[in-house]
Amino acid sequence: PKVIDCFFTRLGRAVDAARDEVYLVDVATMTILQANQSACRALGYAHDEIVGMHASFIVAGHSAETLKQLQPSLLAGEVVHRSSTHRRKDGSTYPVEVRLQLSDAEQPPILLAIAVDVEERLVVEERLRRINRAMTTLTRATEALIRAVDHIQLLVEVCRIAVEVGG
């Protein structure tokens, strides 16, 4: 009993200090029961403001009905992964990847939602796509230069490559 209490106290502190946003949500009502410090910080709400809030307030572009549509999958024991967007208190938004899992260890069952802010990763991925597109454009233009018979053919081919590959 004392060891178990110590374990759950330590686990609670660790979850509260986690970098990812962690939420406990009432499955029936989709209201937030608990949120860790990262969730409060990311959204700009005090803990008291988040607790009792309907999940649709922070999940941008999703109504209470669209969130309810996840219930059958969750009740069937599936772990649901979604890309989504969270809405901060100031109205700004940021992209997240969310993992949802039902915990029937509690009665009534609760939903464990772990959200990871992926804004920086998406920016880096877009930068890499642009760099790769530029490298492909340069490679193909170099190949056209090697194959070109005259400067007109080269100009036409490089323009085509720039439009089709370079965007």
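This report describes a predicted model, with attention to one helix pair, several individual residues and the cysteines.

## Packing of helices α6 and α7

Helix α6 spans residues 119–147 and helix α7 spans residues 151–166. Two packed helices are described by the angle between their axes and the distance between the axes. Here the axes come within 9 Å and cross at roughly 160°. Because angles over 145 degrees count as roughly antiparallel, α6 is roughly antiparallel to α7. The crossing of the two helices is right-handed.

On the α6 side, the contact is formed by Arg133, Thr136, Thr137, Arg140, Ala141, Ala144, Leu145 and Arg147. Their partners in α7 are Gln153, Leu154, Glu157, Val158, Ile161, Ala162, Val165 and Gly166. Sorted by class, the residues in this contact comprise eight nonpolar, four polar and four charged.

Threonine 137 belongs to helix α6. With a relative accessible area of 16%, threonine 137 is classed as buried, because the cut-off for that class is under 20%.

Glutamate 157 lies in helix α7. Its relative accessible area is 21%, and glutamate 157 is therefore partly exposed. For glutamate 157 and alanine 144, the C-alpha separation is 6.6 Å, and the two are 13 residues apart in sequence.

Methionine 30 sits in the loop between β1 (21–26) and β2 (32–35). Its phi angle is near 60°, a positive value in a residue other than glycine. Methionine 30 has a relative accessible area of 4% and is buried.

Leucine 33 is placed in strand β2. At 32% relative accessibility, leucine 33 counts as partly exposed. Apart from neighbours within four places in sequence, leucine 33 is in contact with Leu24, Val25, Asp26, Val51 and Ile110. Isoleucine 110 is 77 residues from leucine 33 in sequence, yet the C-alpha atoms of the two are 8.7 Å apart.

Tyrosine 45 occupies the loop between α2 (37–43) and α3 (47–50). Although tyrosine 45 is in a loop, this residue counts as buried, at 15% relative accessibility. Not counting residues up to four places away in sequence, tyrosine 45 touches Cys40, Ile50, Met53, Ile58, Arg88 and Lys89.

Arginine 121 is 76 residues from tyrosine 45 along the chain, and their C-alpha atoms are separated by 24 Å.

## Cysteines and disulfides

A disulfide is a covalent bond between the sulfur atoms of two cysteines. The structure holds zero disulfides. Cysteine 40 is buried, with a relative accessible area of 11%, and is among the residues touched by tyrosine 45. Cysteine 159 is partly exposed, at 41% relative accessibility.

Key. Residues are numbered from 1 along each chain as its sequence is written. This is a predicted model: local features need pLDDT of at least 70, side-chain atom pairs count only at pLDDT 80 or more; totals for chains, interfaces and linings use all residues. Side-chain values use heavy atoms; hydrogens and water are left out. A disulfide is a pair of cysteine sulfur atoms within 2.5 Å. Buried means under 20% relative accessible area, exposed over 50%, partly exposed in between (1.4 Å probe, protein chains only). Axes are lines fitted to C-alpha atoms, for helices over the stretch in contact, and angles run from 0 to 180 degrees between N-to-C directions. Helices (H or I, at least four residues) and strands (E, at least two) are DSSP runs, numbered from the N terminus. Angles under 35 degrees count as roughly parallel, over 145 as roughly antiparallel, 65 to 115 as roughly perpendicular and the rest as oblique. A crossing is left-handed if the near helix is turned anticlockwise from the far one by less than a right angle, and right-handed if clockwise. Contact means heavy atoms within 4.5 Å. Ala, Val, Leu, Ile, Met, Phe, Trp, Tyr, Cys and Pro count as nonpolar, Asp, Glu, Lys and Arg as charged, and the others, Gly among them, as polar.
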